[in-house]
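The points run from the overall fold to single residues.

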Amino acid sequence: SYADVAHFNLAWRLVASSYFVPTAVCAVFVPLLTAHGLTKKNRRLMMRAATVVGVIGLIAAAIAHFLANPIASVLYGPMAATVAPLLRALAIVFPLGFMAFFLSLVLQSLYEEAHVLRTLILVTAANLTANWIMVPKIGAMGAVYAQVISTSLQLAILAWRLRDLHIGDRRISSPEYSVVEDGSP
């Protein structure tokens, strides 16, 4: 029903709004990746940043899982009873989503935008298909499962691509820019 969809969206807001964490972490070191590629120093920095993002994602998952009822009560009042179970089920998306978003930003900084875009198209199709199959059968929890599946798929594909870049020990070169009359690229 529309009410179930609304309750899912309320729970999803907490997850979506938390994506500022990987964005903030990437804002610190992504310019270095863009400028210098996968140097030894940048690989170590990226691994430390990935660890920080992963740990924060796990902490957010634990908070969402164990404190779903109080959080939902504070934020959504009388709707807490229907939002809290969805938030608890979405808890796994915090670490998965944080890492998927992190890898997306890292790959874009390594000039892999086309791969990230293809992955997002595939993941969107998978999410729509999973929603189409699961929501009519199990309601809002089906939307949660569809999100978990699609986020896991996104993380797997992006991690595989970054692994390939690591194995290839490929030095990233920036794209060529032309200079216009005023001297700016």
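This is a predicted model: local features need pLDDT of at least 70, side-chain atom pairs count only at pLDDT 80 or more; totals for chains, interfaces and linings use all residues.

1. Centre of the core. Setting aside neighbours within four places in sequence, Met46 contacts Phe29, Leu33, Leu38, Phe102, Val106, Leu162 and His166. Met46 is also listed, with Phe8, Phe29, Leu90, Phe102, Val106 and Leu162, among the residues that have the most contacts inside the largest nonpolar core.

2. Extent of the core. This largest nonpolar core holds 50 residues. At least two residues each come from helices H1 (2-17), H2 (20-36), H3 (40-66), H4 (68-76), H5 (80-90), H6 (93-109) and H8 (140-167). The most is given by H6, with 10 residues. As background, nonpolar side chains in soluble globular proteins tend to be buried together.

3. Overall fold. The protein chain has eight helices and zero strands, so the pattern read along the sequence is α-α-α-α-α-α-α-α. Of its 185 residues, 41% count as buried. Among contacts between residues at least 6 apart in sequence, 76% join residues at least 24 apart.

4. Surface. The accessible surface of the protein chain is about 10300 Å². Carbon and sulfur atoms account for 69% of that area.

5. Packing of H7 and H8. How do these two helices pack? Helix H7 (residues 113-138) and H8 meet at an angle of about 160°, and their axes are 8 Å apart. An angle over 145 degrees counts as roughly antiparallel, which is therefore the relation of H7 to H8. The crossing of the two helices is right-handed.

6. Gln147. Not counting residues up to four places away in sequence, Gln147 touches Trp12, Val93 and Asn127.

7. Ala61. This residue lies in helix H3. Its relative accessibility is 12%, and Ala61 therefore counts as buried. Apart from neighbours within four places in sequence, Ala61 is in contact with Ala91, Phe94 and Pro95. Ala61 and Pro95 are 34 residues apart along the chain, and their C-alpha atoms are separated by 6.8 Å.

Notes. Residues are numbered from 1 along each chain as its sequence is written. Side-chain values use heavy atoms; hydrogens and water are left out. A nonpolar core is a set of buried Ala, Val, Leu, Ile, Met, Phe, Trp, Tyr and Cys residues joined through side-chain atoms within 4.5 Å. Buried means under 20% relative accessible area, exposed over 50%, partly exposed in between (1.4 Å probe, protein chains only). Helices (H or I, at least four residues) and strands (E, at least two) are DSSP runs, numbered from the N terminus. Contact means heavy atoms within 4.5 Å. Accessible areas come from the Shrake-Rupley method with a 1.4 Å probe; for residues, only the protein chains shown count as cover. Axes are lines fitted to C-alpha atoms, for helices over the stretch in contact, and angles run from 0 to 180 degrees between N-to-C directions. Angles under 35 degrees count as roughly parallel, over 145 as roughly antiparallel, 65 to 115 as roughly perpendicular and the rest as oblique. A crossing is left-handed if the near helix is turned anticlockwise from the far one by less than a right angle, and right-handed if clockwise.
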